[in-house]
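This report describes a single protein chain. The account begins with a point of backbone geometry and then turns to the fold as a whole.

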Amino acid sequence: MAKMTIKANRDYITIVLDKVTGGEYAIPEFQRDFIWSNRAIVELFDSIIKGYPIGSLILWKPESEKFKTIKDIGGISIANSECYADEMYILDGRQRITALVSVLYPNGQNYNHLYIDLDDMRILYLNGKKSIVKANLLKLGVAYDTYELVDFLEKLKASTLADTLKKEYADRAKKVNKTLLSYELGYISVHGGFINDAVEVFSRLNSKSTPISPDYMLQALAYNPDSDFLFAKEISAIQLNLQKYNFQGIKRDVLLRCAYTYADIPFIDGKVENLLKMKDELQLIMTQVAENVTLATEFLFYQCGVIDYRLLPYAYQLVMLASFFRWNKGPRPDQIKELKKWFFYTTYSAYFTNTSLSVIREDIRRFTDYAKGEVSTPIEYNDEIDFKIPDTLNLGGVRSCAFVISTILQHNLQKDNAHLEIITMPHTGLKNIGNSFICTSREDVETVLSWLTEKKWIKKLYDFGLTENLAKIYGEGEEERFMELRTAYLAEQEETFMKALLFD
């Protein structure tokens with residue numbers, strides 16, 4: 001680590017925020033996006049009003065590096081920070097600073113939303129574009145500005161409230177003003193070093209002991225001020241693009257692993273350092289990752305019935321499929337068939353649960369060889385498949401996911417705009433195979449609910465694992481017998497379908 005000086009200090013919140021809005025304390029572009037919820041903002045101001053500490057900022061003055069900075073914080077335009085010789089970058093505190101500015105400064109995104117109720121001193125987040133005018137509601141942005149507060153007090157004085165209540169509200173409003181203006185923010189100033197040193201300092205000094213996530217660490221370390229490329233933002237863009245397949249919730253780490261495959265090592269061993277060595281190629285790599293992940297997700301959606309990221313049995317399957325599409329943009333029908341067999345084989349054999357890492361490493365290499373056309377199958381298959389049904393239908397379990405996606409695939413329910421919904425029969429206990437119906441559209445839901453209420457049989461109900469005989473048994477009020485027979489029927493249907501797919 002380069003020579004650095006680290007010093008703890010404190011300053012009034014007014015001084016810190018003025019330096020932020022003036023550009024003297026700048027948020028570098030490689031920082032994580034603002035993600036705080038309304039509740040988090042309320043809790044922040046609740047702590048301030050009660051005099052609790054809200055954690056220290058980490059400010060960094062680099063040895064010589066310059067970074068592009070965010071010019072809009074919480075809706076407030078920031079002055080050109082390049083005019084400051086002593087400009088410092090905010091390494092930790094972006095969420096808190098953005099929340100503070102957005103609430104306390106006019107035109108801030110939350111200026112008209114945060115109030116304190118002078119009756120019980122609770123912080124409230126109120127929706128609406130315009131200010132809410134009530135004698136007991138004091139906008140925090142008004143309380144922060146002494147001149148605005150005077151106007152509030154004048155209106156309070158002219159109101160028809162009882163004099164005792166006017167005085168109580170006025171005293172509390174003045175106290176809020178004094179608390180905000182006298183509140184001190186702690187900060188740690190770091191002078192010297194380069195970006196890799198700053199990342200290490202952040203990891204050691206972060207006030208909440210929260211490490212930088214690998215994708216944001218890579219974004220910081222690979223940051224190029226002459227380029228608009230931001231690694232973590234590319235991850236976010238991929239997530240957004242997968243929304244049409246209901247995969248927007250896939251974890252960022254999974255997409256990072258897809259990038260690790262370009263380092264030509266088993267992705268389970270990937271580290272930030274591997275990609276950092278390729279930082280000049282990262283922009284091209286992420287363009288390809290975005291394309292490959294989309295093709296892999298499309299394959300999972302249409303060919304395997306995985307119409308929602310929650311149904312993906314193993315995250316590793318998506319990573320490996322994305323690596324296949326790196327080498328095969330337009331796979332042949334026989335390759336599609338083989339990939340489906342591989343996917344369901346690794347699912348039903350609980351491969352990624354029951355296999356050692358050393359074997360998985362070798363099989364990742366073999367899968368890559370298959371993608372390159374160097375071997376005929378992506379894995380060495382055997383007949384050790386367990387079709388025992390799960391006791392409950394819990395999407396956190398691999399076996400439950402397997403049942404749901406095989407049902408979707410059997411009945412061709414993976415249509416465009418499909419959205420998963422599982423209907424459970426009322427008053428039948430925990431969700432399981434016998435009392436649940438897999439739906440992928442509003443029309444499906446209406447079909448099932450109509451049968452549950454009217455008991456009228458139609459052939460469409462075959463798609464939901466219901467035979468005419470089973471429907472009759474349920475209609476006669478034999479719910480327990482119905483669920484027992486339906487469970488056996490669905491288990492048999494699943495096993496027959498999967499054996500045909502796996503073993504021809």
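Which residue takes a positive phi just after α20? D504 does, with a phi of about 55°.

## Basis of the description

The model is predicted: local features need pLDDT of at least 70, side-chain atom pairs count only at pLDDT 80 or more, and totals for chains, interfaces and linings use all residues. Residues are numbered from 1 along each chain as its sequence is written, and side-chain values use heavy atoms, with hydrogens and water left out.

## Overall form

The protein contains 20 helices and 12 strands. These elements are DSSP runs numbered from the N terminus, with helices being H or I of at least four residues and strands E of at least two. For 504 residues the globule rule gives 23 Å, whereas the radius of gyration is 29 Å, so the protein is more spread out than a compact globule. Here the radius is taken over C-alpha atoms, and the rule is 2.2 Å times the number of residues to the power 0.38. Along the principal axes, the C-alpha atoms fill a box of roughly 80 × 60 × 30 Å.

Contact means heavy atoms within 4.5 Å. Among contacts in the protein with a separation of 6 or more, 70% are between residues 24 or more positions apart.

## Surface and charge

Of the 504 residues, 51% count as buried; buried means under 20% relative accessible area, exposed over 50%, and partly exposed in between (1.4 Å probe, protein chains only). The protein exposes about 24,600 Å², of which carbon and sulfur atoms supply 49%. Accessible areas come from the Shrake-Rupley method with a 1.4 Å probe, and for residues only the protein chains shown count as cover.

There are 60 positive and 68 negative side chains, and the centres of the two sets lie 4 Å apart. Lys and Arg count as positive and Asp and Glu as negative, while His and the chain ends are not counted. Each charge is placed at NZ of Lys, CZ of Arg, CG of Asp or CD of Glu.

## Helix α20

Helix α20 covers residues 479–503, and its 25 residues should span 36 Å at 1.5 Å a residue; the end C-alpha atoms are 35 Å apart, which agrees. The expected span is 1.5 Å times one less than the number of residues.

The buried residues of α20 include F482, M483, R486, L490 and E494. Elements covering the buried residues include α14 (333–348), α17 (398–410), β12 (436–439), α18 (442–454) and α19 (468–475).

## Loop residues

L311 is found in the loop between α12 (282–304) and α13 (315–327). At 0% relative accessibility, L311 counts as buried. Its contacts, leaving aside neighbours within four places in sequence, include L395, C401, V404, I405 and I408. The C-alpha atoms of L311 and M217, 94 residues apart along the chain, are separated by 29 Å.

N246 is in the loop between α9 (231–241) and α10 (252–260) and is buried, with a relative accessible area of 6%. K455 lies in the loop between α18 and α19 and is partly exposed, at 37%.

## Strand residue S77

S77 lies in strand β5 (residues 76–77) and counts as exposed at 62% relative accessibility. Leaving aside neighbours within four places in sequence, S77 is in contact with T21 and K71. S77 and T21 are 56 residues apart in sequence, yet 7.4 Å apart in space, C-alpha to C-alpha.
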